[in-house]
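What follows is what I looked up, in the order I looked it up.

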Amino acid sequence: MKKYPYSCSRCGMYCLMERCPVIMNLFNIKKKGKCSKLYFIGDKANCSLWDMVDEDKREEMKEVFGIGDGCCIKARVYKNGIEYNFAALSSEMKIRAVQQVRENKIGVINHESFNEEE
Ligand code: SF4
Ligand code: SF4
């Protein structure tokens, strides 16, 4: 069973807003802020930590925050006064939102934190 119910579009919003627990622990860095390991190929988010680590560390990333196992972000967005759960948006909407954040067209959405296991 998937850890998170909504699929991951690899939009990159999670890592634009906060660093995951694995990199926080590895480099003793704070949670808030864009992760330096995030990079984009076109609109697809990638993680250079994932690229460089061995299978054990990848397993840890899967276990700790379910990388590749659905959308783990916990954030709300608003449009026309209606509140939406970011994780539940379509892939297209997530990617568009990230494009706008990257182009500084919109600020950070109302962001709570990432879904810890609930
Ligand atoms: S915010 Fe969600 S959909 Fe976007 S890359 Fe992160 S986990 Fe995937
Ligand atoms: S290390 Fe990778 S998964 Fe973790 S926050 Fe940075 S880019 Fe995201």
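**Ligand 2.** I listed the residues around ligand 2, and they are Cys15, Arg19, Cys20, Val22, Ile23, Cys35, Lys37, Leu38, Cys47, Leu49, Trp50 and Ile67. A residue goes on such a list if its C-beta atom, placed from the backbone, lies within 6 Å of the molecule. This is a predicted model, in which local features need pLDDT of at least 70, side-chain atom pairs count only at pLDDT 80 or more, and totals for chains, interfaces and linings use all residues. Residues are numbered from 1 along each chain as its sequence is written, while chains are lettered from A and ligands numbered from 1 in the order in which they are written.

I sorted the shell of ligand 2 by class and got 10 nonpolar, no polar and 2 charged residues. Here Ala, Val, Leu, Ile, Met, Phe, Trp, Tyr, Cys and Pro count as nonpolar, Asp, Glu, Lys and Arg as charged, and the others, Gly among them, as polar. Helix 2 and helix 3 (48–52) each give this shell at least two residues. Helices (H or I, at least four residues) and strands (E, at least two) are DSSP runs, numbered from the N terminus.

**Ligand 1.** I then turned to ligand 1, which has 13 residues around it; Cys8, Cys11, Met13, Tyr14 and Cys71 come nearest. Its shell divides into 9 nonpolar, 2 polar and 2 charged residues.

**Whole chain.** I counted 5 helices and 5 strands. Their order from the N terminus is α-α-β-β-α-α-β-β-α-β. The chain has 118 residues, and 27% of them count as buried. Buried means 20 or more other C-beta atoms within 10 Å of the residue's own, exposed means 12 or fewer, and partly exposed is in between, with C-beta atoms placed from the backbone.

**Core.** Which residues have the most contacts inside the largest nonpolar core? I found Met13, Tyr14, Cys15, Ile73, Phe86 and Val98, in a core of 27 residues. Such a core is a set of buried Ala, Val, Leu, Ile, Met, Phe, Trp, Tyr and Cys residues joined through C-beta atoms within 7 Å. Helix 1 (13–17) gives the largest share of this core, 5 residues. In general, nonpolar side chains tend to be buried together in soluble globular proteins.

**Helix 5.** I checked the span of helix 5: its 12 residues reach 16 Å from first C-alpha to last, close to the 16 Å expected at 1.5 Å a residue. The expected span is 1.5 Å times one less than the number of residues. I noted Lys94, Ile95, Ala97 and Val98 as the buried residues of helix 5. They fall within an arc of 160° seen down the helix axis, so they line one face of helix 5. The arc is that of the directions from the axis to the C-beta atoms. These buried residues pack against helix 1 and strand 3.

Valine 101 is also in helix 5. It counts as partly exposed because it has 19 C-beta neighbours inside 10 Å. I noted that valine 101 and leucine 16 are 85 residues apart in sequence but 8.8 Å apart in space, C-alpha to C-alpha.

**Positive phi.** Most residues other than glycine have a negative phi. I looked up arginine 10, in the segment before helix 1, and found a positive phi of about 55°. Asparagine 28 has a positive phi of about 50° and lies in the loop between helix 2 and strand 1 (38–41). Is asparagine 28 buried or exposed? It counts as exposed, with 7 C-beta neighbours inside 10 Å.

Notes
Contact = placed C-beta atoms within 7 Å.
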